[in-house]
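Me: I'd like to learn how to read pockets and cavities. Can you take me through it slowly?

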Amino acid sequence: MQAQVHNSTIELVQGDITKEEVDAVVNAANSRLAGGGGVDGAIHRAAGPSIMEETRREFPDGCPTGSAVPTSGGNLPAKYIFHAVGPVWRGGMKGEPDQLASAYRTCLQLATERNCASIAFPAISTGVYGYPMDLAAAHSLAAVRDYLLDHDGTLRVRFVLFDAGAYGAYSRVLEEMIG
Ligand code: AR6
C-alpha cells in the first residue's frame, strides 16, 4: 500500500528490512548502541561486525532516546544505517509519543542531509520496548507525514513491517490518513 505526501511517498510492505534496497535502513537500537535481539540483531548480523566497530568508535557515548546516529551500511544493500532509539513504553504519559516522533524525524533529517532518495523504517519500539502497535502506527505515520509536508525534497519512505499484524495496523492508519 502507498500514499503520496507532498512530493514524496509513504509505502507499507511486509517483510525483512535487511533485504531492502534503499539508500538508508533504520535500526531500532538501544541508547548504548550495544546491539541486541529483534531487528537490531538481524541488521547487525546481516551488515557484519564492522558496523558495531563503527558505532563504538564514532559514538562511544551511545545515542539518547528520541534520536538517531548514522553509520555506513556494511554488507547491507543500503548505503547507510541510521541507528534510532525509540522509547520504552511506560503507559504513554511519560513522553513516549514525542520521543517516538523525534526518533523518526531525526532519521528523516539524516536522510535529507545525505541526499537519500529512499529510506526504510521498521516499527520502532513495537517489539521489546512494548509500544502498542496501533498507537505506534498512528504516531510514527503522523511524524513522517508532518516531516514530508514540511520539506520540498522527494523521498521514498518505506515502512517494512515484519508480520501481518503490524502491516494491518499501519495500513488501517494510513488509509484513514489519506481517506
Ligand atoms: N525486519 C523488519 N522488522 C523486524 C525484523 C526484521 N528483520 N525483526 C524484527 N522486526 P524490536 P524495539 C520488528 O524488539 O521494540 C533490541 O534488543 C519486530 O517484529 O526489534 O524498538 C535493541 O537492541 C517489531 O515490530 O525493537 C533494543 O534493546 C519491530 O521490529 C530493543 O530491542 C521492533 O522490535 C529495541 O526494542
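Reply: Let's begin with the terms. On a 1 Å grid over the protein atoms alone, a cavity is a set of points where a 1.4 Å probe fits but cannot get out; a pocket is an open set with protein on both sides within 12 Å along at least five of seven lines, and lining residues have an atom within 4 Å of a point. Grid points are joined across faces, edges and corners, and a volume is the space filled by probe spheres set on the points. By this rule, there is 1 cavity of 30 Å³ or more. This is a predicted model, where local features need pLDDT of at least 70, side-chain atom pairs count only at pLDDT 80 or more, and totals for chains, interfaces and linings use all residues. Residues are numbered from 1 along each chain as its sequence is written, and side-chain values use heavy atoms, with hydrogens and water left out.

Me: Which residues line the largest cavity?

Reply: Asn27, Ala29, Leu33, Ala34, Gly35, Asp40, His44, Met52, Thr55 and His83. The volume of this cavity is about 30 Å³.

Me: And what is the volume of the largest pocket?

Reply: About 580 Å³. Its lining has 28 residues, with Ala28, Gly38, Val39, Asp40 and Gly127 nearest the centre. Helices (H or I, at least four residues) and strands (E, at least two) are DSSP runs, numbered from the N terminus. Here strand S3 (24-29), helix H1 (38-47) and strand S7 (156-161) each give at least two lining residues, and H1 has the largest share, 4 residues.

Me: What takes up the space of the largest pocket?

Reply: The ligand does. A molecule counts as sitting in a pocket or cavity if more than half of its atoms lie within 2 Å of its grid points.
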